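Open the model in your viewer and keep the selection panel at hand. This tour tells you what to pick next and what is there.

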Amino acid sequence: MAFWIASSPHNHTQNETSALMRLVIYATLPGIFAQWYFFGWGNIIHIALAIFSAFVAEYTVLALRNKNIKKQLFDGSAILTAVLLGISLPALAPWWVSVIGAVFAIVVVKQLYGGLGHNPFNPAMAAYVMLLISFPVQMTLWQPPLSLMSMELTFSNTLSTIFTGFTAEGFSPDQLRTHIDGFTMATPLDTLKTGTTMGLTVSESLQSPVFGDYFGVGWEWINFGFLIGGLILIAKKAINWVTPASFLASLFICSLIAFLISPDSSASTMFHWFNGACMLGAFFILTDPVSGATSTRGRIVFAALAGLLVYLIRSFGGYPDAVAFAVLLCNMSAPLIDQYTRPRTYGHQSGTK
Amino acid sequence: MSNEYKELARQGLWKNNPGLVQLLGLCPLLAVTSTVTNALGLGLATLLVLIGSNITVSAIRQWVPKEIRIPIFVMIIAAFVTCVQLLMNAFTYGIYQSLGLFLPLIVTNCAIIGRAEAYASKNPVKQAGFDGLMMGTGFALVLLALGAIREVLGQGTLFDGANLLLGEWAAGLRVEVYNLDSQFLLAILPPGAFIAMGFLIAIKNVIDSKIAQAQPQPEEQNIERVRVNFDAQ
């Protein structure tokens, strides 16, 4: 009779990659629900399309690389990438946008670098930036919230807009985006940016109906949904609280300083927090264990840098939102941050190398 | 054709290709290959300069002092680039304009000075000229492949604007592969060039490893050794 003596640690957690990925996907549900409520079926259709294309792309590449297809295909990482990409796409973008994006994310950003765990960039955000640079027209097809639209957008109408470019009645997305009063609507961040460029003060820009009572109709609830999902992840210990806290604090401080100096030309702190992809980025993108920094101090620096970049690009850059660009720039600097924030090894004195 | 010329052709076109293997002259390679026409224009210009500079460098190699050979090579190359630039300015003004700065920048193309230094300054005129022809052709082929990939992906056409380079008859060469409502801007922008270049290099490496696998492997004799040194433990 043989006794198999395993070396320590003897207690194992059952946390596999797939379980973690599943948890993160469940945590995006509140935010997706808010998106569905305010912007209709578009994002859900895009998520489905992205998941399908990501699966096909992942299967093809894994087969070409002679990998264990069954294990790696269903580890959930491809689905999570597709879900995050689908969330960040404009709801009325044509179908091929999410297909190209998902295939690029899986094949070029993830698998060409060696698969899960080896990618230097966050696949969903790299694909988003690729799409934004390649198809600026389609990627800015953000529709106004349903309550502000002059036409009703049903599920079948959304589906036919995504696949054929027109609703069943023959309206183009540009017509759909038109407000009852006859002007095209953009996202709150975009509207504010345009307003400031035209010389309006922030409070004058905020008169536009896209802002609603607080920071933007729908957007505040979407961000609130992702905030709840993120808090669930922290409670379940799936992500470290340091990264989102540092990111949000950094964005808060930057926007507070600007607001105190010149309240007429800069938006309030909470406007920055509850608009665009802020909460999604804080809790779901920056906390990516592969492409982020590793030590606690490194994560603080990493996320604070992201917050600063988001603020700078939102305020002074050419694009209204900046989370994807900020995340990619931080991904690039993650190895350097890791180099300078190595934790002290146990037993060594602090201060000496 | 003797063996030496065969080897030179193989080196220039495939095994030691300036674009895919030496990775020299990447700046014009990535910057101007957004269409086939631009790529062809720059490829021909580089080819002409490379042949001319190789022949000249080889012809005067006995009289060039070793210490100041680099400045002399650069001046020879610059002279040829000026000739080519003036010729293109005179006869193909459209392509001259669309290549812009990258035409005079051929002077700094490391592929050319690399060949002058590594081959032409040590070999007779005939071989040096042939080497220039082959290296230049290899470089031009990579430019063409990259230009074709980027033009098809970016605008869905091939040979768009070929009449600028080849004269009016070439306007009929334009092929519309497929029609796009919106351009795929990434393929036209420099990052797309980097990605496409990476794919080209990968394809070349795959072909090389397939060829290496197809070669019969020399069988290695297995010699079993028994470790008899008990003291080390």
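**Before you start**

This is a predicted model: local features need pLDDT of at least 70, side-chain atom pairs count only at pLDDT 80 or more, and totals for chains, interfaces and linings use all residues. Residues are numbered from 1 along each chain as its sequence is written, while chains are lettered from A and ligands numbered from 1 in the order in which they are written.

**Stop 1: the two domains of chain A**

Select residues 16-185 of chain A for domain 1, then 187-337 for domain 2. These bounds come from an automatic or database domain assignment. The C-alpha centres of the two domains lie 20 Å apart.

Now look where they meet. Domain 1 of chain A brings 32 residues into contact with 28 residues of domain 2. Two residues are in contact if their C-beta atoms, placed from the backbone, lie within 7 Å.

Which elements give two or more residues to the domain 1 side? Colour α1 (17-27), α2 (29-39), α5 (77-88) and α7 (123-134) of chain A. Helices (H or I, at least four residues) and strands (E, at least two) are DSSP runs, numbered from the N terminus. α2(A) gives the most, with eight residues.

Colour the domain 1 side by residue class: 23 are nonpolar, nine polar and no residues charged. Ala, Val, Leu, Ile, Met, Phe, Trp, Tyr, Cys and Pro count as nonpolar, Asp, Glu, Lys and Arg as charged, and the others, Gly among them, as polar.

**Stop 2: A:D190**

Pick A:D190 in helix α11 (residues 188-197) of chain A. A:D190 counts as partly exposed because it has 17 C-beta neighbours inside 10 Å. The cut-offs are 20 or more for buried, 12 or fewer for exposed, and partly exposed in between, with C-beta atoms placed from the backbone.

A:D190 and A:Y319 are 129 residues apart in sequence, but 8.1 Å apart in space, C-alpha to C-alpha.

**Stop 3: chain B**

Show chain B as a cartoon. Chain B has ten helices and two strands. Along the sequence they run α-α-α-α-α-α-α-β-α-β-α-α.

The C-alpha trace of chain B spans about 80 × 55 × 40 Å along its principal axes. Buried residues make up 37% of the 233 residues in chain B.

**Stop 4: where the chains touch**

Finally, show both chains. The contact takes six residues from chain B and seven residues from chain A. The chain B side divides into five nonpolar, one polar and no charged.
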